[in-house]
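I opened the notebook today to look up how two chains meet and what each is built from. The entries below follow the order in which I went through the structure.

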Amino acid sequence: MELIKEPWPWYVAGPMIAVVMFVMLYFGKNFGMSANLRTMCAIGGAGKYAEFFNFDWRSQVWNLVFVLGTITGGYLASEYLSNGHPLQLSEAIVSELNALGVDTQGGGILPESLFGVDALFSLRGIVMMVFGGFLVGFGARYAGGCTSGHAISGLSDLQVPSLIAVVGFFIGGLLMTFFLLPIILRL
Amino acid sequence: MNKIKYYLAGLMFGVIMTKAEVISWYRIYEMFKFQSFHMFGIIGSAVVLGGLMVFWIKKTGFKSKDGMPIHFMPKKMSVPRYLIGGIIFGLGWAMTGACPGPMFTLVGNGFVAMLVVVFSAVLGTFVYGIVKDRLPH
């Protein structure tokens, strides 16, 4: 039990994610999370504004149920499967982030200064959450999938379009991390 | 009730993402700074094992639970769509540290402000749907 409460290493988590993908294939479904954002638009009546949202969202309810599971999983893992030890970060990352005004002292999985409730009342927090979320939603649909759909499901099926998308994910991520975050985090 | 299996699969995914700290903004930052092997190891090993599984399904004709053949839809080839869309997604991923799976799991972890990220992602998807036909695909 103590071992389960430790953070899980990559060689445990990676194969387990592949098992989740396999289980979904066995259920006759594709493993992809961002499709849910489109379904939510359709439920909200977006079909009145764009043809893209005119589909039978009831056929996608299984995926929303999956999302509900991921929320519960997050709750169970943090509440009952955690030993409460602070997140381990290298000294180099800590000093780099602190210089950019990002907190690392709390030991949580997210910096409170960026994603805590109080951050919603700061320009920096709003930009990170609102713009960041917008780009994730817009980009995932434009690319036709996200990390689960392209990087895991698509690459597992050796799909070239997914490889192009993953290259794009990294170009965008590197641009943001190396050039834009140092500016945005100083807002 | 027949949907409970999806709930349980999602539950497992949420636990894995939380326990492996995939949902951590710090881990994504480290990944893009090439300071840690952790995320590369997770995605890499998932793809290697996933690839073997997909290969095996195709080779043996393994059927789904309902006895149907498992189809893998080839995605339509395009460079601009996947590259530009991917770059936009990557910019957002590095900001929020959360892709469309983790952002929900983080809410379950008690980070209620993440609902703002979820809402913004839904809005981004909506705007894509509106301007879609004017973008290169």
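I began with one charged pair: the side chains of Glu96(A) and Lys33(B) meet in a salt bridge, 3.0 Å from N to O. This pair crosses between chains, with Glu96(A) in helix α5 (residues 91-99) of chain A and Lys33(B) in the loop between α2 and α3 of chain B. For a salt bridge I required a side-chain nitrogen of Lys or Arg within 4 Å of a carboxyl oxygen of Asp or Glu. Side chains of opposite charge can pair when their charged atoms come close. By that rule I found five salt bridges over all chains, and two salt bridges across the interface of chain B and chain A.

A note on what I was reading: this is a predicted model, in which local features need pLDDT of at least 70 and side-chain atom pairs count only at pLDDT 80 or more, while totals for chains, interfaces and linings use all residues. Residues are numbered from 1 along each chain as its sequence is written, chains are lettered from A and ligands numbered from 1 in the order in which they are written, and side-chain values use heavy atoms, with hydrogens and water left out.

Next I looked up the secondary structure, taking helices (H or I, at least four residues) and strands (E, at least two) as DSSP runs numbered from the N terminus. Chain A has nine helices and zero strands, and its C-alpha atoms fill a box of roughly 50 × 45 × 30 Å along the principal axes. For chain B I noted six helices and zero strands, with the C-alpha atoms in a box of roughly 45 × 40 × 40 Å, again along the principal axes.

I then checked one helix for its length, where the expected span is 1.5 Å times one less than the number of residues. The 23 residues of α3(B) should span 33 Å, and the end C-alpha atoms are 33 Å apart, which agrees. Just after α3(B), I saw that Gly61(B) takes a positive phi of about 65°.

How many residues does each chain give to the contact? Counting heavy atoms within 4.5 Å as contact, I noted 106 residues from chain B and 123 residues from chain A. The two chains bury about 10200 Å² between them, 80% of it on carbon and sulfur atoms; buried area here is the accessible area (1.4 Å probe) lost on putting two parts together, summed over both. In chain B, the residues that lose the most area to chain A are Lys19(B), Tyr26(B) and Met95(B), together 9% of what that side buries.

Last, I turned to the aromatic rings of Phe, Tyr and Trp (its six-membered ring), which pair if their centres lie within 6.5 Å, with planes under 30 degrees apart stacked, over 60 edge-to-face and the rest tilted. The count comes to 32 aromatic pairs over all chains.
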